[in-house]
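User: I would like to go through a structure with you. Could you take my questions one at a time?
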2 protein chains.
Amino acid sequence: MNSTRDIDALIDMMARLPGLGPRSARRAVLHMIRKRALLLTPLADLMQTVAATARECARCGNIGSTEICDICASGKRANGQVCVVEDVADLWAMERGQAFRGRYHVLGGTLSALDQVGPDALRIPQLVARVTEEEVTEVILALGATVDGQTTAHYIADQLDGQVTLTTLAQGVPIGGELDYLDDGTIGAALAARKSL
Amino acid sequence: MNSTRDIDALIDMMARLPGLGPRSARRAVLHMIRKRALLLTPLADLMQTVAATARECARCGNIGSTEICDICASGKRANGQVCVVEDVADLWAMERGQAFRGRYHVLGGTLSALDQVGPDALRIPQLVARVTEEEVTEVILALGATVDGQTTAHYIADQLDGQVTLTTLAQGVPIGGELDYLDDGTIGAALAARKSL
């Protein structure tokens, strides 16, 4: 019998998390065992709660613990704007920016011919339905500036053509960014979209 | 009521683990929620088990789930050698090396005048007691090549002087290491300890 079997299993499983490998998983597990009451037990409890309660919002695809998420349920955010994002992580990033006061629609990925991801796998039909049901006036496409992201944006634009105002996030120099470290494509896009002072 | 309160709390707590920050904690939590049955629930269960069962070996300070750890309990490892390490992480590193077949003694830190860590805080009296009780013939000091590590090694050597053979790990060029990237101190130590072919 190996008395460290559970600890080894915990390390193996922690090492599967993104951003952690075997070495950092070992470090994290030792740290947790040392801070058992402050870290290990509360983490286990929280994980169990989240595993039992976390669910996708039936309307937008955000993750929460209720059928309709807080953002969809809030009357303050019914301003007719819907921001379309790839992923819940992107929604969280937009929320941290505190610049957008409308609602979201999480696609759950991008169209991809290579990975055989079609529109029906992506909650695009639900988006089209929401636009008519919720009196949406503007759809903001906040998708990645990648080939798949742009393909998806074009497809959605085709589907919604004429029904709403369609916009996308501006491309340009990031705040705090130095020109020297920017790629040529971004510099070109920022120059083409230059504004008069 | 915020339906993401538990998720936010889980992210905050994950971000306290060494090697993780707010960004990687968010990524890890989203990943776990997506792989709920494969990752989140088993992790929560394992953490609960480890929180309930993990304990220090009463003899050597290793972490396991029994009063005496597997290494101390194994008759195969009673070869009279005791390897003194700072930390359980160091013990695990030695075990991964698969080169040492004796037993360990985990100090739980190093002597430090600045941090007011004295010998009694470090299981050094227990080490001295083990040397007489367990018919130890050789004590291998596998402590860090830092000022505190070397101070601790000297202190232990003083305590055990004349009772056992005392050795330390060799210093030199790491396997696979390139001279160009090594610091001057290591090159000097490796040159001073050069061996005839």
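**Aromatic pairs and the sheet**

Analyst: B:Tyr104 is buried, as its relative accessible area is 1%. Please note that this is a predicted model.

User: What about B:Phe100, buried or exposed?

Analyst: B:Phe100 is buried, with a relative accessible area of 8%.

User: And how many aromatic pairs does the structure hold over all chains?

Analyst: Over all chains there are 2 aromatic pairs. In one of them, the ring centres of A:Phe100 and A:Tyr104 lie 5.2 Å apart and the planes meet at 65°, so the pair is edge-to-face. The rings of B:Phe100 and B:Tyr104 also form an edge-to-face pair, because their planes stand at 65°, with the centres 5.2 Å apart. An angle over 60 degrees counts as edge-to-face.

User: How accessible are the chain A residues, A:Phe100 and A:Tyr104?

Analyst: A:Phe100 is buried at a relative accessible area of 7%, and A:Tyr104 is buried at 1%. Buried here means under 20%.

User: Changing topic: in what order do the strands of the open sheet in chain B run?

Analyst: The order is 4-3-5-6, with 4 strands in the open sheet and parallel pairing. Strand 4 (103-106) and strand 6 (165-168) of chain B are at the edges; each has a single partner strand, so one side of each is left without a neighbour in the sheet. From one strand to the next, the twist averages 25°.

User: Which strands does strand 3 of chain B join, and by how many bridges?

Analyst: Strand 3 (residues 81-85) of chain B is joined by 4 bridges to strand 5 (residues 138-141) of chain B, and the two run parallel. Another 4 bridges join strand 3 to strand 4 of chain B, again in parallel.

User: What stands opposite B:Val82 in each of those strands?

Analyst: In strand 5 of chain B, B:Val139 stands opposite B:Val82. In strand 4 of chain B, the residue opposite B:Val82 is B:Arg103.

User: And the bridge partner of B:Val84 in strand 5 of chain B, which residue is that?

Analyst: B:Val84 has B:Leu141 as its bridge partner in strand 5 of chain B.

User: Why is strand 3 of chain B described as largely enclosed?

Analyst: Of its 5 residues, 4 are buried, so strand 3 of chain B is largely enclosed by the rest of the structure.

User: Which strands of chain B does helix 5 lie across?

Analyst: Helix 5 (residues 88-97) of chain B lies across strand 3 and strand 4 of chain B, and it runs at about 160° to strand 4.

User: And helix 6 of chain B, which strands does that lie across?

Analyst: Helix 6 (residues 124-133) of chain B lies across strand 3, strand 4 and strand 5 of chain B, running at about 155° to strand 4.

User: Now the two chains. What rotation superposes chain A on chain B?

Analyst: A rotation of 180° with 0.0 Å of shift along its axis does so, with an RMSD of 0.1 Å. The two copies are thus related as by a two-fold rotation axis. In chain A, the C-alpha nearest the axis belongs to A:Ala44, at 2.2 Å from it.

User: Why do the copies meet through the same surface?

Analyst: Because 100% of the interface residues of chain A are also interface residues in chain B.

User: Finally, how is chain A divided into domains?

Analyst: Chain A has domain 1 (5-53) and domain 2 (74-168). The centres of these two domains of chain A, taken over C-alpha atoms, are separated by 35 Å.

Definitions and conventions. Residues are numbered from 1 along each chain as its sequence is written. Chains are lettered from A and ligands numbered from 1 in the order in which they are written. This is a predicted model: local features need pLDDT of at least 70, side-chain atom pairs count only at pLDDT 80 or more; totals for chains, interfaces and linings use all residues. Side-chain values use heavy atoms; hydrogens and water are left out. Copies are superposed by least squares on the C-alpha atoms of residues with pLDDT of at least 70 in both. Contact means heavy atoms within 4.5 Å. Domain bounds come from an automatic or database domain assignment. Rings of Phe, Tyr and Trp (its six-membered ring) pair if their centres lie within 6.5 Å; planes under 30 degrees apart count as stacked, over 60 as edge-to-face and the rest as tilted. Buried means under 20% relative accessible area, exposed over 50%, partly exposed in between (1.4 Å probe, protein chains only). Two strands pair if DSSP finds at least two bridges between them. Axes are lines fitted to C-alpha atoms, for helices over the stretch in contact, and angles run from 0 to 180 degrees between N-to-C directions.
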